[in-house]
Each structure stands twice: as structure tokens, then as C-alpha cells.
Amino acid sequence: MGTSQHQSWELPGQATRLLLATPISHVLPAVARTARAMGLAVHASPRMLDIADERGGRWLDRLFARLAHELTDAETQVVRVVPDPPADDDAYATALLNAPTLAVELARRGITVEIGVLAEAEFWSVYQPIVSLADRAEVAHEALLRGIVDGREVPGGDLFFVAESAGWLRRLDRIGREAAVTGAAGWLGDADLFINFSPRSVFRAQVCLASTERAVHDAGIVPRRLVLEVGEADAIADRGHLDSVLEHVRSVGFRVALADVGAGWTSRSLLAAVRPDVVKLDKALVRQLPDDDARTMIRAVVEQAHALGAVVVAEGVESEPIAAEVSELGADLGQGWLFGRPERPVPPVEELEGRWQPVSAVPSR
């Protein structure tokens, strides 16, 4: 699978230092021997290795490739890895606590496709609020997929990167949609529910989206409350297929959001062609504020979106000055850490049984 198909995922950069940790005693000495034989600087403690590449990082890339061949799948699942660990003590501790397994890191780097990462995972959704910029009322929530692998949480970006590499994109995309809907049942109320999806995971919309439609019905969510969000990169990939999928999405009452929208020619032409119900401004563009060029770009997108009857969401709002800027430029809604981080909702006690169990990728027998 070519790298062009991964451009929408955040790929890890070249590292110059690695921390590896595991409670399994025989694994780290083997890794240390390989690293030293490659001329890497190795500092070893009983359950941790600190490996540095003083030649710029190219040899750590080679170390990853070697480890993929020299360690078993089971061994890569019990080693935690932190590339380029932060210097700050608190951030360092957090990085270690949340470190992915070596299996996940190898998959992220395209070195291996660790299908077990997905096959043995449990999934659920966290939800980030979307607020009205006028009065800060919560009007919607975006569902973001999370997974537990080997007892640790794996973020959605890593999950989908591995899924695409392993040919599981269709399955994981379906799991993500269903987890988002079932996780919102009972508390969503009159708010909208935004769910990311990839049109490339939908072969025939009537078939592939049927389980999502059933989940919405079973959850008692009004179809118009569901907003299926497609990124600009996915929208560009196959316009004919996208049009077919979105036609069905709208026919069952769901709405459509176009995300990651900037102000280039591609974004402007996509807006006119897709005519989304919701336009989400690119985070990178929002974070350039108060730059004058960013202001001009955002104002142009907002004006075109409003002319099409779309609501505009500014993503990546992390401070009051940015919130004021995007509001002044005409954005209707805001999303970002200023208004709330993605969280797993806590249900009422009487709803804890059954409704809030994680979704397993492996069918029960």
C-alpha cells in the first residue's frame, strides 16, 4: 500500500532517542545487544533501555526494522516505546504511562502490519463538546474512537493507521460509527452527534451503512442529529464515489460535515460541489490567528459556507483570544480544549449494566 494512502494520518517522524520499557526480563538485553552492534549508545537499567542515535536518527529507523524481524509478535506486544521522550519530568512520566507497544509503533511506521493490535482490541468512544460561540451552550459532541490494547489505551489515529495498513479500514470504520452512536444513547438529548467516517470504507452505502442506521434507530436518536464528518483529503480521493455515498447518507436523514477546510482552490471547489450542512475550519488555519492572511482565508471560507446555508465550526480553539477572533470572523460554533477535552461520559448508575461495555472487534462465540 503506497504512502499516498496514508497522508490523512499523522505519521511518526524520525527519532534520535528511544525509551523502551518492559517487565519481561529477557527482551531488553536482546534489544540492547542489537542496538550496540549497530553503534547506538545504550544506557540500560533493569526494566528500561535508553537508546540514542548520535548520527541523526537514521540508525534508529534501522533498529526498528531489525526488531521487527528479531522479536516475536508476543515480545513486541509487551515492550512500551517512547520516541524522543520529553525533558520535563511530568511530561516524561505521562509519556511512559501512555506509551504504545512496540507492535503499535512498528505498525505506525509501516514496518509491520500487526493485525493482533486490532483483533484483540476493545473499542469505545470519547466525546468532545462543540459549543455556540455566541453563548457557549453545548450544541453538539464529536465522537472520537479509542481502543484498549494489552491493557493500554491506543488513540484513534494509531488505530486507523494500523487498520488501513491491515485491510481493516472498512471494519474499524463501522465499529467506530456504531460505538459512537451506542455510547451517546441516553445522554445526547437535543444535541447533534458528529462522527468521522471514511467514504473509502463504504463500498455500497445501502449495505455498509445499514448497521449504523439500525444503531441510530435502536438508540432513539433522531436521524437529523447525526452528522457524518468526512475530511477534505478523503473527499478529494474519489468524487464520484463520494457523491454516491453522500446521496444515501442524506436520503436516510443524516447530515454531512466537511472537515479540515482551508481556503485554497481545492477547499473552495469542494464546498461548492459537496454543499455540506456543516463546514469545519482546518485547525492549522485557526491556530495561525491573528495572522492577517489567516483572517482573510477564514473570512472567505465562512462567507462561502454561509452562502451555501452551512454552519461553520472553528476547530482547534484553545484560548479566549482565538475564540473571539473566529467569532468576529463569522464562525458559528467552536471546538477545542478551551471548551472541553474528549471525555468518556459517565452514565447514570442504573444504565451501567450492558449499555457502556466496550465494543470488541472479535465476535462473541
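Axes are lines fitted to C-alpha atoms, for helices over the stretch in contact, and angles run from 0 to 180 degrees between N-to-C directions. Helices (H or I, at least four residues) and strands (E, at least two) are DSSP runs, numbered from the N terminus. This is a predicted model, where local features need pLDDT of at least 70, side-chain atom pairs count only at pLDDT 80 or more, and totals for chains, interfaces and linings use all residues. Residues are numbered from 1 along each chain as its sequence is written, and side-chain values use heavy atoms, with hydrogens and water left out.

Q: Why is helix 8 called roughly parallel to helix 10?
A: The axes of helix 8 (residues 169-184) and helix 10 (residues 210-219) cross at roughly 10° and come within 9 Å. Angles under 35 degrees count as roughly parallel, over 145 as roughly antiparallel, 65 to 115 as roughly perpendicular and the rest as oblique. So helix 8 gets the label roughly parallel to helix 10.

Q: Which residues make the contact between these two helices?
A: Contact means heavy atoms within 4.5 Å. Helix 8 brings Arg 174, Arg 177, Glu 178 and Val 181, while helix 10 brings Ser 211, Thr 212, Ala 215, Val 216 and Ala 219.

Q: What makes strand 2 and strand 4 edge strands?
A: Two strands pair if DSSP finds at least two bridges between them. The open sheet has four strands in the order 2-3-1-4, with antiparallel pairing. Strand 2 (41-45) and strand 4 (80-83) each pair on one side only.

Q: How do you know that strand 1 and strand 3 pair?
A: Strand 1 (residues 17-21) and strand 3 (residues 48-52) share five bridges, in the antiparallel sense.
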